[in-house]
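I opened this entry to record what I looked up in the structure, residue by residue and strand by strand. The sequence and the coordinates come before my notes.

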Amino acid sequence: MKVLILGSGVIGVTSAYYLARAGHEVTVVDRQPEPALETSFANAGEVSPGYSSPWAGPGVPVKAVKWLLMKHGPLVIRPKLDPVMWVWLLKMLRNCTSARYAVNKSRMIPIAEYSRDSLRDLRRDIGIQYDERSKGTLQLFRYQAQLDGTGEDVAVLKQYGVPYETLSREGCIAVEPALAAVKEKFVGGLRLPQDETGDCHMFTQALAKHAEALGVRFLFNTSIDRIVTDGGRVSGVATGAGLLQADSYVLALGSYSSRMASPLGIALPVYPVKGYSITVPIKDASGAPESTVMDESYKVAITRLGDRIRVGGTAEISGFSTKLYGARRATLDHSLTDLFPRGGDLSKATFWSGLRPMTPDGPPVIGPTQYANLHLNTGHGTLGWTMSCGSGRVLADILSGKKPEVDASELTVDRYQHRFG
């Protein structure tokens, strides 16, 4: 079968690889000159199934008010005259109940864990390298109230069989020795030892080469203008290279997926939530993190990637703007220098922002649409890197007429027919 994939981020490329491995003839089209130059370029670097949770949860509306008032708060809202933004926010608020949180998380954990296992299989099968480490994630608590409040999180981890460790200050230092220099700034942590780290951009570019070796064709520097339909099927995609046609089509355009789907009558509530990162050369290896440290107070992830430190955070709701704001960098700088003052050379840091494709309920959207030959693989939010391999593998199975190894039946766009969507 001929398959045309729209988008060459980590989701599009993993979809292409697994489809090609299943024997399909695959073409990937993207406006960028290379794979993974947008949201997949400089994310926080975490592969964290244990942290696969919806942003919409009980207590979030109250926390959001507090975050908006903090100097280094993790949430920023820049109001716009955009009804899509406000409808999306309303839908997210509707999902901030214990019942909806439980349902949504139950849809996220299986695909995230399957994806981590699929990534491990790839390392074994093709020897792909991307500055990966398998040393877990440490959620670091600066205040005793944060540590005392982990009961609900631990209960969820137990429910899904996710290994965890509740650590004292000394326990945190044992896994992240550089924290010994700032031990007065935190009280303990929650560690997920099975989480991994790695450079998503490096991975995606490497996997694209493996995909090309399997026959995948990449069309870069090519605009994607619109999807053309004929009755209940897609008949082609209008692009800068003309009308491209295939037997099946995959929409994997991240935050832009909803804009492409809307004219087709597909209600896909994926909206961009901007994240920021800095990438800092390591100055003193003994003062740098070993893996990922999540600064719980500021919702900032500090990750070691080879000879660099990646610091990522902030949820900024401001439409499709990728403008860089100095105040957001100040938050990242503060978290890094406060916890790892000797680790990196901030004078040589690079500053970046990307648009996370968020759904209002949390889980991604994977699977068929009302058009018989159009499928979706989008809406992964902050977890695109975590869920990428599993999502691509599931999609390849669906298009190949096989039953996926993990149940993805509740990840389809049909779930938004529900009143909470």
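I began with Asp131, which I found in the loop between α4 (98-126) and β5 (137-141); I take helices (H or I, at least four residues) and strands (E, at least two) as DSSP runs, numbered from the N terminus. The model is predicted, so that local features need pLDDT of at least 70 and side-chain atom pairs count only at pLDDT 80 or more, while totals for chains, interfaces and linings use all residues. Residues are numbered from 1 along each chain as its sequence is written, and side-chain values use heavy atoms, with hydrogens and water left out.

**Asp131 and its surroundings**

I noted Asp131 as partly exposed because its relative accessible area is 28%, where buried means under 20% relative accessible area, exposed over 50% and partly exposed in between (1.4 Å probe, protein chains only). Leaving out residues up to four places away in sequence, I listed Thr197, Gly198, Met202, Leu305, Gly306 and Arg308 as touching Asp131, a contact being heavy atoms within 4.5 Å. With Arg308 there is also a polar contact, side chain to side chain, at 2.8 Å. By polar contact I mean a pair of N or O atoms within 3.5 Å; within protein, one must be able to donate a hydrogen and the other to accept it, and residues adjacent in sequence count only if both atoms are side-chain atoms. I also looked up Asn373, which is 242 residues from Asp131 along the chain, and the C-alpha atoms of the two are separated by 37 Å.

From Asp131 I went on to its contact Thr197, which is found in strand β8 (residues 196-197). Thr197 counts as buried because its relative accessibility is 0%. Beyond four places in sequence, Thr197 touches Gly45, Val47, Tyr130, Asp131, Glu132, Arg133, Ser291, Thr292, Thr303 and Arg304.

**Asp148**

Is Asp148 buried or exposed? I recorded Asp148 as exposed because its relative accessible area is 56%, and I placed it in helix α5 (residues 144-148).

**Strand pairing**

I then followed the strands, taking two of them as paired if DSSP finds at least two bridges between them. Strand β1 (residues 2-6) runs parallel to β2 and is joined to it by five bridges, with Leu4 having Thr27 as its bridge partner in β2. Strand β2 (residues 25-29) has four of its five residues buried, and it also pairs in the parallel sense with strand β9 (residues 217-219), over three bridges. In that pairing Thr27 stands opposite Arg217.

β1 pairs as well with β13, in the parallel sense and over four bridges, and there the bridge partner of Ile5 is Val250. Along strand β13 (residues 248-251), Ser248 and Val250 point one way and Tyr249 and Leu251 the other way, and all are buried. β13 in turn pairs in the parallel sense with strand β20 (residues 374-378) over three bridges, where Leu251 has Leu376 as its partner.

I also noted that β1, helix α1 (residues 10-21) and β2 make a right-handed β-α-β unit, right-handed meaning that, with the strands pointing away from the viewer, the path from the first strand over the helix to the second runs clockwise.

**Cores**

How many residues does the largest nonpolar core have? I read 42 residues, and those with the most contacts inside it are Ile5, Val26, Ile111, Leu122, Phe203, Val216 and Trp385. β1, α1, β2, α4, α8 (200-213) and α11 (384-399) each supply at least two residues of this core, and the largest share, eight residues, comes from α1. Apart from it lies another core, of 25 residues, among them Leu4, Ala246, Ile266 and Val413. A nonpolar core is a set of buried Ala, Val, Leu, Ile, Met, Phe, Trp, Tyr and Cys residues joined through side-chain atoms within 4.5 Å.

**Helix α11 and the cysteines**

In helix α11 I looked up Ser388, which counts as buried because its relative accessibility is 1%. Outside four places in sequence, Ser388 is in contact with Val10, Ile11, Thr14 and Ser115.

With a disulfide taken as a pair of cysteine sulfur atoms within 2.5 Å, I counted zero disulfides. Cys389 is in no disulfide, and the nearest cysteine sulfur, that of Cys200, is 9.3 Å away. Cys389 counts as buried at 1% relative accessibility, and Cys172 counts as buried at 0%.
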